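I opened the model to look up its ligands, its confidence and its charged contacts. My notes follow.

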Amino acid sequence: MTTIDAPRTPHTPVTKNRRVNWEKWGWLYMRASGILLVVLIFGHLFVNLFLGTGVKQVDFAFVAGKWASPFWQVWDVLMLWLALIHGGNGMRTIINDYAHGRPRQVMLGLVFAAVAILIVLGTLTLVAFDPCPTGADPSLLPSFCPASSK
Amino acid sequence: MSEVAVVEESAGVPGGPIQAFTVTLIIRRFDPEVDAEPHWQDFDVEMYPTDRVLDALHKIKWEQDGSLTFRRSCAHGICGSDAMRINGRNRLACKTLIKDLDISQPIYVEAIKGLPLEKDLIVDMEPFFESYRAIQPFLIASDKPDKERIQSVAQRAVFDDTTKCILCAACTSSCPVFWTDGQYFGPAAIVNAHRFIFDSRDEGSQVRLDILNDKEGVWRCRTTFNCSEACPRGIEVTKAISEVKAAILRGNPGLPSSDLVLTPVGA
Ligand code: HEM
Ligand code: SF4
Ligand code: FES
């Protein structure tokens, strides 16, 4: 059982010599990314599902057309990184709540791996994306491709 | 005691004496010397509408089963001994009127959650008080004044709410983060840190902010508002926790400056 320290005993932090306070920055990140995600996600949904002909318009040509523009590339890369790190950090919090010892380490590892793989894959897709792949069905290609039949 | 008072008062009231009614209490019993697991037990008691759950527990203990074990001291909502889970909500038994509950159904009474169960409605409060001690709940001041430490009305107002805590643990034991992570300081410790962090007479704010900036400090809070709902003193617990978070991010409590104009007596 602990006894009460004498008044004015200097406080010794539980986690000594830690350089970065992950809990504090994680908490701040959830809020900052949350605000940005409201704009990014609802903007994304609005443009894809509401403007133009709505959900019927979404096909390869539609996506390729969007990603031909640096604006939407940056938009989607931002959404990808912010949402995945946000979701990953949220899952980390929940795992820390409910799991202990070895299962906690395993689950944290799985979440980290999933986030890392999806970020790398998604970023590669967005950066190295070719809207006019050779040999593709011409009816699926966006109108600005030389091979397009639109 | 209260029953006597009720009967006397009602004697002169038109319409005759207040009717008693039968209430069923289902209490989660646990005797560590006999039971491997806690179990639920029914009791029927005659109660008046003005009686409280604490009176029902007294009646059971005094008239039906002397082994029923619970804490209470003041019986008037000020000592904080008898926080328990009544119909799934943390309340003080001495402040919960039977008539405010749905008595067509049995009333479920069990110990508060998240702290080690010792017997019947009694839990080990030591982990709770350990967190409380850890935030240094006393005035830290370097000078020894000959007179009182002066404070303006505005300076006093910023921490008025958190001075009302009676350390009943209703908030901490209603917190889902505390249920799964006993290391978390919990709302009550943060409330009592708030009481000194925002006190202009205190000089230990930085130390307490540092303590609560730790891994198991305020950042574990997920703003579920269970604590605010549970507090029998009506303290806005979640708001106090948010104010401590904001103070940590700011690096200081951001107290109002003194607006006192001191006029010497007779001047
Ligand atoms: C619409 C924009 C979004 C906003 C404003 C938002 C906001 C937040 C905030 C503020 C938290 C922290 C809660 C707390 O610790 O008290 C949080 C937690 C969380 N978020 Fe989001 N979020 C958004 C989108 C997302 C998305 C797209 C995902 C999934 C990829 C996600 C997954 C999570 C998870 C798993 C948690 C942890 C939940 C918990 O701690 O119990 N969020 N969110
Ligand atoms: S803040 Fe309220 S609920 Fe929590 S210990 Fe104090 S009086 Fe009890
Ligand atoms: S017995 Fe003292 S608060 Fe209920």
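I sorted the shell around ligand 2 by residue type: twelve nonpolar, no polar and one charged. My classes were Ala, Val, Leu, Ile, Met, Phe, Trp, Tyr, Cys and Pro as nonpolar, Asp, Glu, Lys and Arg as charged, and the others, Gly among them, as polar. The shell holds 13 residues, each with a heavy atom within 4 Å of the ligand. B:Cys165, B:Ile166, B:Cys168, B:Cys171 and B:Cys231 come nearest.

This is a predicted model, so I kept local features at pLDDT of at least 70 and side-chain atom pairs at 80 or more, while totals for chains, interfaces and linings use all residues. Residues count from 1 along each chain, chains are lettered from A and ligands numbered from 1 as written, and side-chain values use heavy atoms, without hydrogens and water.

I checked confidence in chain A (pLDDT, the predictor's confidence in each residue, from 0 to 100). The average is 86, and 87% of the residues score at least 70. Helix α2 (residues 60–67) is lowest at a mean of 85, and helix α4 (residues 101–127) is highest at 95. Helices here are DSSP runs of H or I with at least four residues, numbered from the N terminus.

Which protein donor does the iron atom of ligand 1 have? I found a single one, A:His86 (NE2), 1.9 Å away. Donors are N, O and S atoms within 2.8 Å of the metal (3.2 Å for Na, K and Ca); water is absent, so sites may look incomplete. A:His86 is in helix α3 (residues 70–98) of chain A.

I then searched for salt bridges (a side-chain nitrogen of Lys or Arg within 4 Å of a carboxyl oxygen of Asp or Glu). In one, B:Arg222 meets A:Asp97 at 2.8 Å, N to O. That pair crosses between chains, from the loop between α7 (205–212) and α8 (226–230) of chain B to helix α3 of chain A.

Definitions and conventions
Helices (H or I, at least four residues) and strands (E, at least two) are DSSP runs, numbered from the N terminus.
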